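Have a look at the model first, then read on.

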Amino acid sequence: MLVMIQSKKDLEFYIAADRIMNDFSANKSFIDSCKEIFALGGGKVLIIKYLRHLRRYAYFYNNHKRLFSWNSIMMLWERFFLNKLGVRLGFSIGTNSLGYGVVIPHYGTIVINEQACIGNFAVLHTCTCVAGGDKKIGDGFYLSTGCQVVGSVTIGDGVTVAAHSLVNKSFEGNVLIAGTPAVQKRTEQPVWYESERDKERFADRINSIKKLKKIIYG
């Protein structure tokens with residue numbers, strides 16, 4: 001399991017990157033807080049709230065050294081809210097399984113085990129499962145509705161998995177895969193956020209995150 005969020009700078013960056021990719025401002029505003037309290041904005045607000053608790057839990061989990069410490073107490077606090085939201089949304093996502101800038105368009109069943117390591121700018125649709133064995137998945141991973149990734153596999157950058165596919169072997173980067181079991185359908189597949197469908201909507205968000213990374217890490 002890769003430890004992704006180790007410092008407060010990491011935590012700040014991951015939370016901001018998730019917010020930007022899901023069409024929120026980088027920093028949580030007063031209006032955002034009100035929406036969370038009064039359950040306004042529907043599932044979209046709850047999803048970004050879940051991601052924030054996931055990142056905070058990962059930070060305290062990765063930094064707790066003793067059973068009775070501030071980080072241990074905060075870890076349990078974040079875990080409580082994470083589990084509560086997870087039941088409501090249908091999410092069960094491993095602590096250090098997702099890189100920054102993850103996009104979850106809708107709430108519904110999403111299961112990712114603790115041994116999975118998925119890169120930055122992943123898209124996770126509903127009724128998906130990444131479970132069983134160690135998995136190393138690159139940046140720009142697009143997991144369509146109804147897909148499963150099983151066994152110990154390695155998947156390169158920029159891979160798109162078509163809907164209702166079963167992935168049970170490794171694939172190189174920048175390909176479209178589909179089927180049960182999945183096979184390669186197209187090579188030289190552009191990463192999802194550079195595709196004709198999504199580049200206009202997501203290009204500015206990607207650039208904003210790159211600039212933010214330079215600001216936070218100097």
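The side chains of Lys-44 and Asp-23 pair up in a salt bridge, 3.8 Å from N to O (a salt bridge is a side-chain nitrogen of Lys or Arg within 4 Å of a carboxyl oxygen of Asp or Glu). This pair connects distant parts of the chain, with Lys-44 in helix 3 and Asp-23 in the loop between helix 1 and helix 2, 21 residues apart. Helices here are DSSP runs (H or I, at least four residues), numbered from the N terminus.

The model is predicted: local features need pLDDT of at least 70, side-chain atom pairs count only at pLDDT 80 or more, and totals for chains, interfaces and linings use all residues. Residues are numbered from 1 along each chain as its sequence is written, and side-chain values use heavy atoms, leaving out hydrogens and water.

**More on salt bridges**
- A search of the whole structure turns up 7 salt bridges.
- Asp-23, Lys-44 and Arg-205 are joined in a network of salt bridges.
- Asp-18 pairs with Arg-55, with the closest N and O atoms 2.7 Å apart.
- Asp-18 sits in helix 1 (residues 8–21) and Arg-55 in helix 3, so this pair ties together parts 37 residues apart in sequence.

**Burial**
- Asp-18 and Arg-55 are both buried (under 20% relative accessible area; exposed is over 50%, partly exposed in between, using a 1.4 Å probe and protein chains only).
- Lys-44 is partly exposed, at 43% relative accessible area, and Asp-23 is partly exposed at 47%.

Key. Helix = DSSP H or I, 4+ residues; strand = E, 2+ residues; numbered from the N terminus.
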